[in-house]
Amino acid sequence: MLILLTLPVLNDNYIYLIHDPESGETAAVDPALAAPVLDALNQHHWSLNLILNTHHHNDHVGGNLELKQKTGCKIIASISDQHRIPGIDTPVKENDILWLGKHPIHIISTPGHTNGHIVYHFTNDNLLFCGDTLFVMGCGRLFEGSAEQLWHSLQKLKSLPPETRVYCAHEYTQTNGRFALSVEPDNQALQQRMAVINQLRGKLTPTVPSTLAEERATNPFFREDSPTLQASLGLLNKKPIDVFTQLRTLKDHF
Ligand code: ZN
Ligand code: FE
C-alpha cells in the first residue's frame, strides 16, 4: 500500500507526497515550494526519488530546482514542456509508463489548461494526480488550449474506473460547488455533497481526494451530457461539447 501525504501550500495549492514502503521510494507531485516537502521528508525519514510535474505553472514547479539540488531526485514532466520545466530529467508523453517501486504510473496527456498538461494515473492503486485539469466539482481554466481540447482531455479521465481517487492541485471546491448548484440547483447528490464540503471547509479540512464516481454525480463539467443539466441551461439535446463550452464560459464569469 502506498502512503500519501497532502501538503497545503500557498493560498490553495496541494503538494502530494507518495511513499512506497516496499521499495522505500518517494515521489512529490507538483512541488510549488521546496521547504514543506523537505520538512515532511525529514519528519518521515524518507528520501525523494521523483518529482512528477503536471504542467509548467510556477505554483506547480516552484520547488523543482531546490529539491533536485538537495535530494538528487529526478524530475518528470511532459515532453512538450521540456523548454519550460525547471530541471527536467525525463520528458514523457501519452501512454508512457513510469514506476514507483512496483507501482505502474500511466501518463495521460490532457491539454486545455496548458498545451503540455499531463496527469499521472497509478493504474493498480486507482490514484489520479490531475493537476489543474480536473478539480473537485470543477475543471481548469483555458489558459492555452480550447474548450474542445479540454473536453476531450476530461473524456479520457471520465473513462477511468469510477472508484479512482482524484487528487487535484487546488482547493477550489467550495466555489466550484456554488457554481455547480447555480447551474443544477435540483441535483440532490450535489446538495448533499455541498453540505459535507461546507462542514469540512469550516474546519479548513482538505476536500481531496474525491472519486470519479462523485465527480460524475456532481461535477457539471462531467455532466455536460446530462439531460437535467442541459435542461436547466436551456440547452437540451445540444452536443455535449457545446454544453461544456457554455459551462466553461459561465464559470469564467461566475
Ligand atoms: Zn496551472
Ligand atoms: Fe495551479
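Helices H5 and H6 run roughly antiparallel to each other in this predicted model. Their axes meet at an angle of about 155°, and an angle over 145° counts as roughly antiparallel.

- Two packed helices are described by the angle between their axes and the distance between the axes.
- For H5 and H6, the axes lie 10 Å apart.
- Helix H6 covers residues 188-202, while helix H5 covers residues 173-183.
- The crossing of H5 and H6 is left-handed.

**The metal site**

- Which residues coordinate the iron ion (ligand 2)? They are Asp59 (OD), His60 (NE2), Asp132 (OD) and His170 (NE2). The distances are 2.1 to 2.4 Å.
- Along the chain, the donors follow the spacing D-H-x71-D-x37-H.
- Why is the arrangement around the iron ion (ligand 2) irregular? The 4 donor atoms subtend angles of 82 to 171°.
- Ideal angles are 109.5 degrees for four tetrahedral donors.
- A zinc ion (ligand 1) sits 3.1 Å from the iron ion (ligand 2). Asp132 coordinates both ions.
- Asp132 and His170 link distant parts of the chain, 38 residues apart. Asp132 is in the loop between strand S10 (127-131) and strand S11 (134-135). His170 is in the loop between strand S13 (165-168) and helix H5.
- Buried or exposed? Asp132 is buried, with a relative accessible area of 3%. His170 also counts as buried, at 3% relative accessibility. The cut-off for buried is under 20%.

**The aromatic contacts**

- How many aromatic pairs are found in the whole structure? The search finds 9.
- One of them joins Phe179 and Phe254. This pair is edge-to-face, with 5.3 Å centre to centre and 70° between the planes.
- Phe179 lies in helix H5 and Phe254 in the segment after helix H9 (240-252), so the pair ties together parts that are 75 residues apart in sequence.
- Phe179 counts as buried, at 2% relative accessibility.
- Phe221 and Phe244 form an edge-to-face pair as well. Their centres are 5.6 Å apart, and the planes make an angle of 75°.
- Phe221 is in the loop between helix H7 (212-218) and helix H8 (227-232). Phe244 is in helix H9, 23 residues away.
- Both Phe221 and Phe244 are buried.
- Tyr14, Tyr16, Phe122, Phe129 and Tyr167 form one aromatic cluster.

Technical notes. Residues are numbered from 1 along each chain as its sequence is written. Chains are lettered from A and ligands numbered from 1 in the order in which they are written. This is a predicted model: local features need pLDDT of at least 70, side-chain atom pairs count only at pLDDT 80 or more; totals for chains, interfaces and linings use all residues. Side-chain values use heavy atoms; hydrogens and water are left out. Donors are N, O and S atoms within 2.8 Å of the metal (3.2 Å for Na, K and Ca); water is not among the atoms, so sites may look incomplete. Four donors count as tetrahedral if all angles lie between 85 and 135 degrees; four count as square planar and six as octahedral if opposite donors are over 155 degrees apart and all others between 65 and 115; anything else is irregular. Helices (H or I, at least four residues) and strands (E, at least two) are DSSP runs, numbered from the N terminus. Buried means under 20% relative accessible area, exposed over 50%, partly exposed in between (1.4 Å probe, protein chains only). Rings of Phe, Tyr and Trp (its six-membered ring) pair if their centres lie within 6.5 Å; planes under 30 degrees apart count as stacked, over 60 as edge-to-face and the rest as tilted. Axes are lines fitted to C-alpha atoms, for helices over the stretch in contact, and angles run from 0 to 180 degrees between N-to-C directions. Angles under 35 degrees count as roughly parallel, over 145 as roughly antiparallel, 65 to 115 as roughly perpendicular and the rest as oblique. A crossing is left-handed if the near helix is turned anticlockwise from the far one by less than a right angle, and right-handed if clockwise.
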